[in-house]
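Colleague: I have a model open on my screen and would like to learn how to read it. Could you take me through it one feature at a time?

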Amino acid sequence: MIEKWMAIALLKGLARSLLLTELLELAAATCFPQRNKRDFLLVFLVNVITNPVVVYLDYWFRFRMPSVVLWIAMLELAVWLSEAWIYRKCLTGRQNPFLYSLALNAASYFGGMIYNWVL
C-alpha cells in the first residue's frame with residue numbers, strides 16, 4: 001500500500017513540476033528577441049526530457065546526499081549545460097544558448113521556489 005502511495009505522490013509531483021516549469025520557461029522565452037514557434041516548441045520538448053529526470057533524481061537522492069545545497073547545484077548545473085548544448089544545436093534565433101538556458105532555468109527554479117513558498 002505504501003508503494004502505491006509513493007508512486008502516486010511521485011507522479012503528481014512530476015506532473016506539477018513539469019507543468020509549472022513549462023509555464024515559467026515558456027513565459028521567460030517570450031522575453032528574448034527573435035522568437036518563433038519552432039523555438040517555443042524546442043523549449044517545451046527540452047523540458048519534457050530534462051524536467052522529469054531531474055525531479056525523479058531529486059525525489060530519490062536529495063536527502064541521501066551529504067549536502068542538499070551541493071546536490072541541487074550539481075543537478076541544476078547538469079540541466080543548464082545539457083539544455084544549453086541542445087539549444088546551441090537547435091535554436092533558430094541568434095540567442096546565446098548558454099544565456100538562454102541560464103535565464104529560462106533561473107526563471108523556473110526561482111518561480112518554483114516562490115510557488116512552493118506561497119503554497
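Modeller: Let's start with Glu25, which is buried yet has no salt bridge; Arg62, the nearest side chain of opposite charge, is 15 Å away. Buried means under 20% relative accessible area, exposed over 50%, and partly exposed in between, with a 1.4 Å probe and protein chains only. A salt bridge needs a side-chain nitrogen of Lys or Arg within 4 Å of a carboxyl oxygen of Asp or Glu. For charge, Lys and Arg count as positive and Asp and Glu as negative, while His and the chain ends are not counted.

Colleague: What kind of model is this, and how are its residues numbered?

Modeller: It is a predicted model, in which local features need pLDDT of at least 70 and side-chain atom pairs count only at pLDDT 80 or more, while totals for chains, interfaces and linings use all residues. Residues are numbered from 1 along each chain as its sequence is written, and side-chain values use heavy atoms, with hydrogens and water left out.

Colleague: Where is Glu25 placed, and which side chain does Glu25 join in a polar contact?

Modeller: Glu25 is in helix H1, residues 2–29. Helices (H or I, at least four residues) and strands (E, at least two) are DSSP runs, numbered from the N terminus. A polar contact is a pair of N or O atoms within 3.5 Å; within protein, one must be able to donate a hydrogen and the other to accept it, and residues adjacent in sequence count only if both atoms are side-chain atoms. Here the side chains of Glu25 and Ser108 are joined by one of 2.9 Å.

Colleague: Is Ser108 buried or exposed?

Modeller: Ser108 counts as buried because its relative accessible area is 13%. Ser108 lies in helix H4, and its side chain also reaches the backbone oxygen of Asn105 at 3.1 Å. Contact means heavy atoms within 4.5 Å. Not counting residues up to four places away in sequence, Ser108 touches Thr21, Leu24 and Glu25. With neighbours within four places likewise left aside, the contacts of Glu25 include Val43, Asn47, Glu83 and Tyr87.

Colleague: How many salt bridges does the structure hold?

Modeller: The structure holds 1 salt bridge. Arg62 forms a salt bridge with Asp58, and the closest N and O atoms are 3.0 Å apart. Asp58 is buried, with a relative accessible area of 18%, whereas Arg62 counts as partly exposed at 26%.

Colleague: How do I read pockets and cavities?

Modeller: On a 1 Å grid over the protein atoms alone, a cavity is a set of points where a 1.4 Å probe fits but cannot get out, and a pocket is an open set with protein on both sides within 12 Å along at least five of seven lines; lining residues have an atom within 4 Å of a point. Grid points are joined across faces, edges and corners, and a volume is the space filled by probe spheres set on the points. The largest pocket has a volume of about 910 Å³. Of its 30 lining residues, the closest to its centre are Ser17, Val55, Asp58, Arg62 and Asn116. H1 gives the largest share of the lining, 10 residues.

Colleague: And what is the volume of the largest cavity?

Modeller: About 30 Å³. The residues lining the largest cavity include Ala29, Phe32, Arg35 and Tyr100.
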